[in-house]
Amino acid sequence: MATRKVTALVRAANRDSVEFRQVPAPEPAAGQVVVRVRAVSVNRGELHRIDDPANGGWRPGWDLAGEVVAGHRDTTEFTVGTRVFGMCQGGSWTQELAVAESSLAAIPDTVSWQQAAALPAAGLTALRTLRMAGPLAGRAVLVVGASGGVGRFAVQLARRAGAEVTAVAGGPERAAGLAALGAARVVTDLAELRPGFDLVLESAGGESLTAALSLVGHRGLVVSYGNSSRRDTVLSINDFYPKQARLHGFYLLDGIVEEPPAADLAELAGLCAAGELSVEVGAEADWADVTTVLNLLRTRRVAGKAVLLVGSAPRGPDG
Ligand SMILES: NC(=O)c1ccc[n+]([C@@H]2O[C@H](COP(=O)([O-])OP(=O)(O)OC[C@H]3O[C@@H](n4cnc5c(N)ncnc54)[C@H](OP(=O)(O)O)[C@@H]3O)[C@@H](O)[C@H]2O)c1
């Protein structure tokens, strides 16, 4: 019997982009359901991997939203037809995917495919990095890269937890909307700030991480979770160690194995459904237009999240 195929986006062998290919339809393993994917998001981390020539053949996609179409006989959480969203370790830019139930949550009726697809990686990163500092009421939190996917969730969640949030954006245009999301102060240059932050969420790397280490306050915490600038950091250690502050690395793809994200996803979806967390989708297109969306993200023109709608199946080279 011929193996059933589905369409997926795969990192091209010889250019910094993706192309459609036919891949075997997924079979659910123990604990997994098969999801008919309706929408996915594009994370900067995926863009970094697509832009790396070593990654020909890699299948991008950590976030997904869709409906359950089948399940392994031992699954208990989701029945066929349930709208779900969540995360996997890669390959969600496809029509169908097998995903562990522990990495999924139900989508509330009032939440769209696009909103649900935008939530997982960015929302979980914001939620879990903020948690690393303990209770945030009355504490000073600095969010670098606040105009982006993680940043816009982090500003809102920190404010919701009672923090005094300072947001950093690349320019006045990129700063638009951040005050409305809860930032008490929005700056476009880290040099405007004085040290004393209890928590700094840092993902730009390079000189921005150098600055973060000098801006953190006594016994404060810097969480480094990205390197958007792809630059090395010179450590001004005299600005750092006398404060007895901490620098902590964060890596979600390991974190969701150690602590499966279902409960956190349900929390994010609940906040979204209750109107307490705004999902800012700054770019949205059918997956046939993936190149346009990748270029918008490359050139820092997405305010919030970029989302692809998984539509009909353009025929790929193996189709
Ligand atoms: N460790 C983890 O588990 C984890 C999880 C999620 C994301 N990440 C990483 O965290 C970073 C943020 O993710 P995201 O999805 O929020 O990305 P994003 O939507 O692209 O947002 C990143 C923001 O960083 C700012 N930025 C500052 N310097 C930049 C530079 N040189 N190049 C590009 N952007 C720059 C940009 O804001 P302005 O244009 O306003 O400056 C941009 O809006 C990425 O590096 C991503 O790979 C890591």
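**Close-up views of a predicted protein model**

**View 1. Surroundings of C88.** Leaving aside residues up to four places away in sequence, C88 touches G61, W62, L97 and L253, where contact means heavy atoms within 4.5 Å. C88 is placed in the loop between β5 (83-87) and β6 (96-100); strands (E, at least two residues) and helices (H or I, at least four) are DSSP runs numbered from the N terminus. With a relative accessibility of 9%, C88 counts as buried; the classes are buried under 20% relative accessible area, exposed over 50% and partly exposed in between (1.4 Å probe, protein chains only). The model is predicted: local features need pLDDT of at least 70 and side-chain atom pairs count only at pLDDT 80 or more, while totals for chains, interfaces and linings use all residues. Residues are numbered from 1 along each chain as its sequence is written, and side-chain values use heavy atoms, with hydrogens and water left out.

**View 2. C88 and L213.** These two residues are 125 residues apart along the chain. Their C-alpha atoms are separated by 32 Å.

**View 3. Surroundings of V187.** V187 belongs to strand β10, which covers residues 185-187. Its relative accessibility is 1%, so V187 counts as buried. Not counting residues up to four places away in sequence, V187 touches A167, V168, A169, E192 and L193. For one of these, A167, the C-alpha atom is separated from that of V187 by 6.3 Å, at 20 residues apart along the chain.

**View 4. The annotated span, residues 13-308.** UniProt lists this span as "domain: Enoyl reductase (ER)" in an unreviewed entry; positions follow the numbering used here, feature names are shortened, and annotations may be inferred rather than shown by experiment. The span is 27% helix and 27% strand. Its end C-alpha atoms lie 22 Å apart.

**View 5. The whole chain, for orientation.** The protein has nine helices and 15 strands. Its radius of gyration is 20 Å, close to the 20 Å that the globule rule gives for 319 residues, so the protein is as compact as a globular protein of that length; the radius is taken over C-alpha atoms, and the rule is 2.2 Å times the number of residues to the power 0.38. The C-alpha trace spans about 70 × 40 × 30 Å along its principal axes. Of the 319 residues, 53% are buried. Among contacts with a separation of 6 or more, 69% are between residues 24 or more positions apart.
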